[in-house]
Amino acid sequence: MQYFPIFVKLQGQACLVVGAGEIAARKIDLLARAGADITVLAQTVKEPVLRIQTPLGLTIVQKNFTPSDVEGFKLVISATNNPATNELVAASAQQQGILVNVVDSPALCSFIFPAIVDRSPIIAAVTSGGAAPVLARLLRAKLETLIPPGYGHLAQLAEKCRGLVKTRISQPEQRRIFWEDILQGSVAESVFSGNLQKAEQQLLAKLDQDPKAEAEGEGEGEGEGEVYLIGAGPGAADLLTFRALRLMQQADVVVYDRLVSPEILDLARRDAQKIYVGKQRQDHALPQEDINALLAKLAKAGKRVARLKGGDPFIFGRGGEEIETLMQQGIAFQVVPGITAASGCASYAGIPLTHRDHAQSCVFVTGHLKEGDINLNWTQLASPNQTVVVYMGLVGLEKICAELIAHGSPHDLPIALIQQGTTRLQRVITGTLATLPAKVSAQEVKAPTLVIIGTVVSLHDKLRWFQDSSADTEC
Ligand code: SAH
């Protein structure tokens, strides 16, 4: 180990920063977060430091650096652009046994700054010892995505209840099991979803439970279950939210339907039970009421259930109905929004849904046929300066175009059909209200497809950026 990692307590400690430019300001900001008492020494003080002088209570000394300036400080940072000054600062501090860092000069440093993930009081630090700072930063970015923002609050809750738990559970081994359950179960989830009060109540309730009764249960998932209604986005796995991914990885059971791609399903916990509940257009693998009942049953059996839905659960996803059943039965749940097909497909097709020159509003409608008809407000949908997005509009495409024309839309209004948006199999077929239906029926189109109508579609040729499979089929 080239460097020994330690965390230094700087609360109220005198620290000196030599230099007062942009880089110095960044280091000052870091020291201030740790509560240091900061003196800045420089001949000229630049704007970035002046801006933070009052809020951070900095002491500013305007003079040239001399070796005796380091006296009395616990830690010194040199951030000047003068190599001779930097060397002098380093030598003076080293001579007096004071920790010193010279920005961008590892050879002059007695300590280095790691890349930090700050979830105080939890702090993760990464360094490459100067060998590959970008690699350390990449690793830090990975950690940022892995560690939920609420981790700090979780640690604070643990700290608050630590004494009480210690008196109530005297056996260290049992205490460890208790904390493992708290820190990765429903209590942690309540913290992450911002419900600190509920989290504390849940923790206290678990403390009141008879640990023997717990031990006699079936182990995993025993106790109260819950349901995570998760929007899995339109297809591309990396369009999932951090929260969606985290909850998928801790669920005991995953209930999913056709729109959830295999790549996304692969991200669930490997040993989780996976239940397909279908939803093909004519062939509903499981009626909605049965899905609602299934979720409730699994949660009541103590399972953490990830209910994965394509796109966003609250946009043509019947998410409202599923949580209504859970609500009625007093089952804990949370809803995780996802990227809906309209925004995923529009972005990946280079079709902005609103645009100052084209559309000041955007409507999402369903083109689902009921007894051969589509019941929509055609007059409203045919009005100009808006974008209309039709979900489930493939079968009724011809009818949709005809109705819009009949209600005043121009024949040549641009329209696009996007197949399997956001995935490698994405294909965009464009045309006008008059031409698209014939163009689409002449090709083999695979579900799911989304229809976007409005003059914004004319921007597709100019703004397309995603390499989809359209090119293969057009030639
Ligand atoms: N809750 C989902 C919509 C479910 S309705 C959401 O927010 O996106 C199902 C319809 O969504 C499909 O018929 C299709 O019109 C649309 N859809 C979903 N994913 C799609 C995709 N990747 N490409 C094109 N259309 C998609």
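Guide: Let's start at A382, which touches L404, H407, G408 and S409 once its neighbours within four places in sequence are left aside. Keep in mind that this is a predicted model. You will find A382 in the loop that runs between helix 15 (378-381) and strand 14 (386-391). Is A382 buried or exposed? With a relative accessible area of 12%, A382 falls under the 20% cut-off, so A382 counts as buried. For a sense of distance, look across to G150: its C-alpha atom is 46 Å from that of A382, and the two residues are 232 places apart along the chain.

Now let's step back to the whole protein. It is divided into domain 1 (14-113), domain 2 (150-216), domain 3 (226-339) and domain 4 (343-463). Between the C-alpha centres of domain 1 and domain 2 there are 43 Å.

Next, please find helix 5 (residues 151-168) and helix 8 (residues 196-208). A pair of packed helices is described by two things, the angle between the axes and the distance between them. Here the axes of helix 5 and helix 8 come within 11 Å and cross at roughly 25 degrees. That angle is under 35 degrees, and therefore helix 5 and helix 8 are roughly parallel to each other. Their crossing is right-handed. On the helix 5 side, the contact is made by H153, L157, K160, C161, L164, V165 and R168, while helix 8 brings L196, A199, E200, L203, L204, L207 and D208. By type, the residues of this contact of helix 5 with helix 8 are 9 nonpolar, 1 polar and 4 charged.

From there, move on to helix 10 (residues 242-250). Its buried residues are A244, R246, L247, M248 and Q250. What do the buried residues of helix 10 pack against? Their partners include three helices you can pick out by number: helix 6 (172-184), helix 7 (186-192) and helix 11 (262-265). Strand 8 (226-231), strand 11 (304-309) and strand 12 (332-336) are also packed against by these buried residues of helix 10.

Our last stop is D290, a residue of helix 12 (residues 288-300). Its relative accessibility is 38%, so D290 counts as partly exposed, whereas A382, where we began, is buried. D290 and V277 are 13 residues apart in sequence, and their C-alpha atoms are 9.3 Å apart in space.

Conventions. Residues numbered from 1 in each chain as written. Predicted model: local features only at pLDDT ≥ 70, side-chain atom pairs only at ≥ 80, totals over all residues. Heavy atoms only, no water. Axes fitted to C-alpha atoms, helices over the stretch in contact; angles between N-to-C directions. Helix = DSSP H or I, 4+ residues; strand = E, 2+ residues; numbered from the N terminus. Parallel < 35°, antiparallel > 145°, perpendicular 65-115°, else oblique. Left-handed = near helix turned anticlockwise from the far one by under 90°. Contact = heavy atoms within 4.5 Å. Nonpolar A, V, L, I, M, F, W, Y, C, P; charged D, E, K, R; others polar. Buried < 20%, exposed > 50% of the residue type's maximum accessible area, 1.4 Å probe, protein only. Domains from an automatic or database assignment.
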